[in-house]
Amino acid sequence: MAALRITVIGTGYLGATHAAAMAELGFEVLGLDVVPEKIALLERGETPMYEPGLDELLRRHVPGFEGSSGRLRFTTDWAEVGAFGDVHFLCVNTPQKHGEYACDMSYVDSAVASLAPHLTRPALIVGKSTVPVGSADRLAAYLAAHAPAGEDAELAWNPEFLREGFAVEDTLHPDRIVVGVRSERAERTLRQVYATPVAEGSPFVVTDFPTAELVKTSANSFLATKISFINAMAEVCEAAGGDVAKLAEAIGYDDRIGRKFLRAGIGFGGGCLPKDIRAFMARAGELGADQALTFLREIDSINMRQRGQMVELARQALGGGPFLGRRVAVLGATFKPDSDDVRDSPALNVAGQIHLQGGQVTVYDPKGMDNARRVFPTLGYAPTALDAVRGADVVLHLTEWREFRELDPAALGEVAKARVILDGRNALDPELWRKAGWTYRAMGRPTA
Ligand code: UGA
C-alpha cells in the first residue's frame with residue numbers, strides 16, 4: 001500500500017505538534033492554517049508558543065534546515081489540502097463560548113465546510129479537537145451531504161490527550177490512542193497512521209463516535225475532580241490543623257488512588273480543564289443528563305475558590321488590612337510550568353485581583369511575560385525573580401517553575417522588605433525557606 005499522505009488542519013498547539021510528530025513518524029505532511037502569519041512562522045521553523053522540543057522537531061522536517069527530511073510543509077490553500085491528503089486531521093480550537101458554558105464549535109464547523117468541497121477522492125477525516133458529544137455524528141452527516149467523494153470521504157474521531165509542556169513526548173509516545181470509527185476501513189487507516197507508537201506499546205482502543213468524544217471530556221473531568229478533591233481536603237486540613245501534602249502522599253500510595261494530580265494549591269487553569277468541564281455540563285444539560293454532572297459545578301467552584309483564598313492568605317500575611325500601597329511580588333504568571341500559556345491562569349488571576357484591590361504587584365515568569373503583559377498590561381513586571389522580590393512586603397509563588405525551586409532564599413531575603421513567602425503550589429521546600437529566615441505558608445499546611 002502506498003504511504004499515506006497526511007494533512008493537519010489548524011496549526012495551534014495541537015495542530016503544530018501533531019503535524020511535526022506525523023512527519024517524525026515518516027509521513028509526508030501538509031499543515032493548513034487560515035492565518036498566513038502563522039504559516040510564515042512555521043515555515044521558518046518557529047511556533048507562536050513556548051513548548052519544549054517543538055521548534056527543534058519542526059526543524060527536523062520543515063524544508064530548508066540542515067539535515068531536514070523536508071516532509072513537513074504548510075499552506076493556506078484548501079484545494080491543495082484536498083488534493084494532497086489521504087488522512088485529514090482536524091486540529092482547530094474549540095474555546096468556551098463568550099458568556100456561556102457551552103463550547104464554541106464555529107472553528108470546527110467552518111474548517112469542515114471549507115474542506116468538504118475539496119474532498120474529491122477517498123479520504124479519512126479525523127477529528128482531534130475536544131468537542132461536545134454528538135458532534136462527530138453531525139459532522140459525518142454534513143460530509144456525506146457535501147463532499148463530492150460521497151461515502152469515500154469518511155469521518156473518524158481520535159481525541160488527543162497531550163499536556164502542554166510535554167506535547168512532543170505525549171504525541172510521539174501517547175499513553176493510549178482512542179479511535180471512534182464506523183468502518184473497518186477507517187480503523188485500518190488509523191492503525192497504519194499509529195503503527196509506530198502501537199508497536200512501541202501504546203494501547204489502541206477502538207470505539208464508536210460518542211464514546212470516543214466522551215473519553216476525552218470524561219478524562220479531563222476526572223483530572224479536574226482529582227485536583228478539586230485535594231483542594232477541598234486542603235481546606236479541611238487548614239481548619240483542622242492537618243497537612244495536605246502529607247495526606248496526599250499517604251492516600252496516593254494506594255494505587256487505586258495514585259499520587260499524580262494531588263498537588264493542592266491555587267487550582268487548575270489553562271485552555272482545557274476549566275472550559276471542558278463547563279462545556280461537558282452544558283452538553284449533558286442538552287441531552288437531559290444534567291443531574292449526572294452537577295458534581296462538576298462543585299469541582300469548578302472549589303477551583304475558583306482557591307484563587308480567592310490565596311488573595312486572602314496574602315491579605316492576612318500583610319496584617320489583614322487593605323492592599324493599598326503594599327508591595328506584592330508574584331513568581332509565576334502561566335497556568336503551569338514549561339508553558340508560556342496564560343489562558344485562565346490562576347497565577348495571573350490572583351495577581352490581578354490583588355492589583356485591582358490596590359496592591360502594587362510585580363510579576364516575574366520565566367516564559368510567560370509577553371503573554372501576561374498582553375492580557376494584563378497594568379500589572380508591574382520585573383526582568384528577574386530577584387527584581388520582582390526587591391522591596392516586597394510579601395512574595396507569592398504561584399506557578400511551580402523549576403527556576404523557582406532553585407532560587408536561593410538567602411539571596412532573596414537580602415532584597416525583600418519582609419521575609420514572607422506564600423507557596424500557592426505546595427512546591428517549594430518549607431525547611432529551606434524557614435532556615436533562611438522566611439515565614440513560609442502554604443494552603444492546607446501547618447504554619448510552622
Ligand atoms: C490537560 C490534560 O492533562 C491533558 O491530558 C489534555 O490533553 C489537555 O488538558 C487538553 O485537553 O488539551 P493541560 O491543560 O496541558 O492538559 O494541563 P494539566 O497538566 O492537566 O494541568 C492543568 C492545571 O491543573 C494546571 O493549572 C496545573 O497547575 C493544575 N494542577 C495539576 C494542579 O493544580 N494540581 C495538580 O496536582 C496537577
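Q: What makes a residue count as buried?
A: A residue is buried if 20 or more other C-beta atoms lie within 10 Å of its own.

Q: Why is C272 called buried in this predicted model?
A: C272 has 23 other C-beta atoms within 10 Å. The cut-off is 20 or more. Therefore C272 is buried.

Q: Where does C272 lie, and what does UniProt place there?
A: C272 lies in the loop between α11 (244–252) and α12 (273–286). An unreviewed UniProt entry places the feature "active site" at C272. That label comes from the record, and such annotations may be inferred rather than shown by experiment.

Q: How do you know what confidence the predictor has in the protein chain?
A: Look at pLDDT, which runs from 0 to 100. The mean for the protein chain is 97.

Q: Which residues are closest to the ligand?
A: They are E164, R263, F268, G270 and C272. In total, 21 residues surround the ligand.

Q: What makes up the shell around the ligand, by class?
A: The shell has ten nonpolar, six polar and five charged residues. Helix α10 (residues 209–240) gives the largest share, three residues.

Q: Which domains does the shell around the ligand draw on?
A: It draws at least three residues from each of domain 1 (5–207) and domain 2 (230–448).

Q: How do you know that domain 1 and domain 2 touch?
A: Two residues are in contact if their C-beta atoms lie within 7 Å. By that test, 13 residues of domain 1 are in contact with 15 residues of domain 2. The side of domain 1 that touches domain 2 has nine nonpolar, three polar and one charged residues. The C-alpha centres of the two domains lie 34 Å apart.

Q: Which residues does UniProt list for "binding site"?
A: The unreviewed entry lists D33, K38, T94, T130, E164, K275 and R343. They are spread over 311 residues of sequence. They are also spread in space, up to 24.4 Å between C-alpha atoms.

Q: Why is T94 called buried?
A: T94 has 21 other C-beta atoms within 10 Å. The cut-off is 20 or more, so T94 is buried. T94 sits in the loop between β4 (87–90) and α5 (106–115). Not counting residues up to four places away in sequence, T94 touches several residues, among them C103, S129 and T130.

Q: Why does K275 count as buried?
A: K275 has 22 other C-beta atoms within 10 Å. The cut-off is 20 or more, so K275 is buried. K275 is in helix α12. Leaving aside neighbours within four places in sequence, K275 is in contact with P95 and Q96.

Q: Why does D338 count as buried?
A: D338 has 20 C-beta neighbours inside 10 Å. The rule asks for 20 or more. So D338 counts as buried.

Q: Why is N426 called buried?
A: N426 has 23 other C-beta atoms within 10 Å. With a cut-off of 20 or more, N426 is therefore buried. N426 is found in the loop between β13 (420–423) and α19 (430–435). Phi of N426 is near 50°, a positive value in a residue other than glycine.

How values were computed: Residues are numbered from 1 along each chain as its sequence is written. This is a predicted model: local features need pLDDT of at least 70, side-chain atom pairs count only at pLDDT 80 or more; totals for chains, interfaces and linings use all residues. A residue is buried if 20 or more other C-beta atoms lie within 10 Å of its own, exposed if 12 or fewer, and partly exposed in between; C-beta atoms are placed from the backbone. Helices (H or I, at least four residues) and strands (E, at least two) are DSSP runs, numbered from the N terminus. Domain bounds come from an automatic or database domain assignment. Ala, Val, Leu, Ile, Met, Phe, Trp, Tyr, Cys and Pro count as nonpolar, Asp, Glu, Lys and Arg as charged, and the others, Gly among them, as polar. A residue is near a molecule or strand if its C-beta atom, placed from the backbone, lies within 6 Å of it.
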